[in-house]
Amino acid sequence: MTGMAEGAAVVRVGAKAAGPLRRRLFPETSDPALARHADELAGKVRRRERELRAQLSAAPSDVIAVEITVDAKAVDGAVQVTGLTEHVRSLPEPRRVLIHGEAGSGKTVAATYLTLGLLDHRDEVADFPRANVAVPVRVNAAGWNGRQHFSRWLIERLGSDYGLHPRVAKALVESERILPLIDGLDEMDSVEAAYEALRKLSREPWKGRQLVVLCRTEDFEDLRRHAADARLASAATMEMRPLTHRQTIGYLASQQAKDHVPDDAWTDVIDRIEHAPTGPLATALRTPWMLALAVVAEQHDAGIGTKLTRFDDADAIRNQLLATQVRAAVAGTNPEGEFEDYTEANVTQWLATLAHRLDDRATAGQDGTTMQLDEVWELAGPIRCRVLYSLVCGLIALLGLVLSFLAPAPEGPTWLDAAVWTWLPLLAFPLAVMVVTSGPADVQARRLAWRRPGRAWRHVVARLTEPIAIALCVAVICAVAVVFGGMTGRDALTIAALAAPGCLAYGLVNVLSVDSDEMYELVMHETRLLRDDATAAVVIGGLTAASIWGGVVGADRLGGEPDGSLLTPLYTAGYLGLIVTLLYGVATGRYLTAMALFAMTGSFPDRPARFLDWARRGGLLGVSYAAYQFRHETFREWVKANAPRPPDTRPAPNAVRARAERWMSAIRDRVRRAA
């Protein structure tokens, strides 16, 4: 009886311990559970939007009033973005809105206030009805190609951005508990992609569901020219109008009235705009972004107002104000802790490093406008970073080789023991060094995924064709050797035992690997590229180690004289698995190497991912799909002109090769003339 009681107690303890694991793997999706998940998501969204608002220095007291038109009809009075929530909520169901405005009109700020305003309204609802109030979630359209089903993309984005389990995210989306605010329609790959996105959102199941889309007016007009039906079905169109000269004057006057601002700080600018309401100064300051940059510039340069009146060209005025972008981004950042080194001079130099590198890539015939996180290592010097990472891999391989010879081998080694303890390490070391050292310059982050859009079993079978063919070739060779070569059946089975786990692991990796075409069908997050690459490398290395260990143990058992130890080949399997991890994780390895070089040289932050994300949130960089780019070409040119090329960067390998070829051609010409 005591034994039964103890057994029951063990079962209860095991069930209690397995409960959290079961809930993590299979979370509940009942209505009460979804209500809890929605409240938790709302809290995460609120924290992220408040952080973005702080990064944009968009406190309620600093927001500039703009005129909003709804379906080409002006809303009475000047409306601040802080009150945009009430206008959206006053629209008839299902409250579908397309907001557009020119660059710098404050669309992202408006989206942030709209998201927070809708969250505040949701919090005011009682617990029971709140379960049916959708959670507003702002997502960037740059990672959507327009062809993928929007619900599927949104589910993946919720998991990527907020860590929701796919099952929970799917239940929230399908039960209409998510209100997506799609920002950056203009940041999609092409006009065709944006057009396909609007078509997807205008069809079932999203045709009658609430959502908000934001894009630039210029891109919105391009869409209308691209196709007459380029619109968001059943949606109210809101345009954030440029500031009138009266609004500009009123805002500058309110700033001038503040205690810490000199009484005549904006007098010259106000006078010039009053006398020339359509002149270059009024034109340059007609967007909240440029107007805010001017106010920030005054905090650091008391004479900026007088300087601006000396320009006779709106573009020249904008270029002058672009110089304050970095200053504004730094001013809105806590100068302590992890952002301690984010000074104006450092940020300008770091951005110049990025700008010069993009120029080098354009010269070499590569993409000179964007850079992904798995390409950041190029900023540390492409050749130097590749060589240093190769040396690190070589040292790791050499250390493993030395340890393998120091470890005691089993007594009376067979041919299998000799291969495991001697030849495999000897072959793995030079192979690792050669492959990693001569690796391609344009490495791409890897990714493993089972679920992908449009996946069918025929694709899985196609991926298994190669490993199955290898296994069949091994079987045929062994059969021929047994029949005509005198090989014993036991030796053939031993070879098969060695090959079978490897083919199985290779087939699994082949099925899970995502190729370049499928990569664009999956949701891509600019900050998760290297995390996915590192995960793929570790999984592939682990499968390699497991297949080697299983093959060696199986072959040893079939060999007829097992030594009785399963740990004997474990070191070799782990060693080779580590080498494979280093070979497959080249993008992550070079990124880590670049971090070390950045820490020593200071040419770029030693945490590049954090800096690039900070620059994106601060309005210095934009995101196109999963790559970073300068938001404005004029700002990029200004950065290059105001910060020298750091000595730690070198042209791309292709550019070096082209330069060497030009030198050799010049030498040949001189020799030919001398002869």
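Is Asp 271 buried, partly exposed or exposed, and what is the relative accessible area of Asp 271? In this predicted model, in which residues are numbered from 1 along each chain as its sequence is written, local features need pLDDT of at least 70, side-chain atom pairs count only at pLDDT 80 or more, and totals for chains, interfaces and linings use all residues. Side-chain values use heavy atoms, with hydrogens and water left out. Asp 271 is partly exposed, because its relative accessible area is 35%, where buried means under 20% relative accessible area, exposed over 50%, and partly exposed in between (1.4 Å probe, protein chains only). Asp 271 is located in helix α11, which covers residues 267-275; helices (H or I, at least four residues) and strands (E, at least two) are DSSP runs numbered from the N terminus.

Asp 271 also belongs to a surface patch of negative charge, together with Asp 263, Asp 264, Asp 268 and Glu 274. Such patches are made of residues with over 30% relative accessible area and no salt bridge, like charges being joined within 9 Å and nonpolar side chains (Val, Leu, Ile, Met, Phe, Trp, Tyr) within 5 Å. The accessible areas come from the Shrake-Rupley method with a 1.4 Å probe, and for residues only the protein chains shown count as cover. Lys and Arg count as positive and Asp and Glu as negative, while His and the chain ends are not counted, and the place of a charge is taken as NZ of Lys, CZ of Arg, CG of Asp or CD of Glu.

Side chains of opposite charge can pair when their charged atoms come close. A search of the whole structure finds 19 salt bridges, a salt bridge being a side-chain nitrogen of Lys or Arg within 4 Å of a carboxyl oxygen of Asp or Glu. One of them joins the side chains of Arg 130 and Asp 39, with an N to O distance of 3.4 Å. This pair links distant parts of the chain, as Arg 130 in helix α5 (residues 127-130) and Asp 39 in helix α2 (residues 31-55) are 91 residues apart. Arg 130 is buried, with a relative accessible area of 14%, whereas Asp 39, at 32%, is partly exposed.

Most residues other than glycine have a negative phi, and most peptide bonds are trans. In the loop between α3 (84-89) and β3 (96-101), Pro 94 is found, and the peptide bond from Glu 93 to Pro 94 is cis, with omega near 10°. Arg 95 is placed in the loop between α3 and β3 as well; although Arg 95 is not a glycine, its phi is positive, about 60°, and with a relative accessible area of 22% Arg 95 is partly exposed. A cis peptide bond, again with omega near 10°, leads from Glu 204 to Pro 205, which is found in the loop between α8 (191-201) and β6 (211-216). Ser 234, a residue other than glycine, has a positive phi near 60°; Ser 234 is found in the loop between α9 (217-226) and β7 (236-240) and counts as exposed at 54% relative accessibility.

The UniProt record (an unreviewed entry) places the feature "transmembrane region" at several stretches, including residues 575-600; UniProt positions are given in the numbering used here, feature names are shortened, and annotations may be inferred rather than shown by experiment. Over residues 575-600, the chain is 96% helix and 0% strand, with the end C-alpha atoms 30 Å apart.
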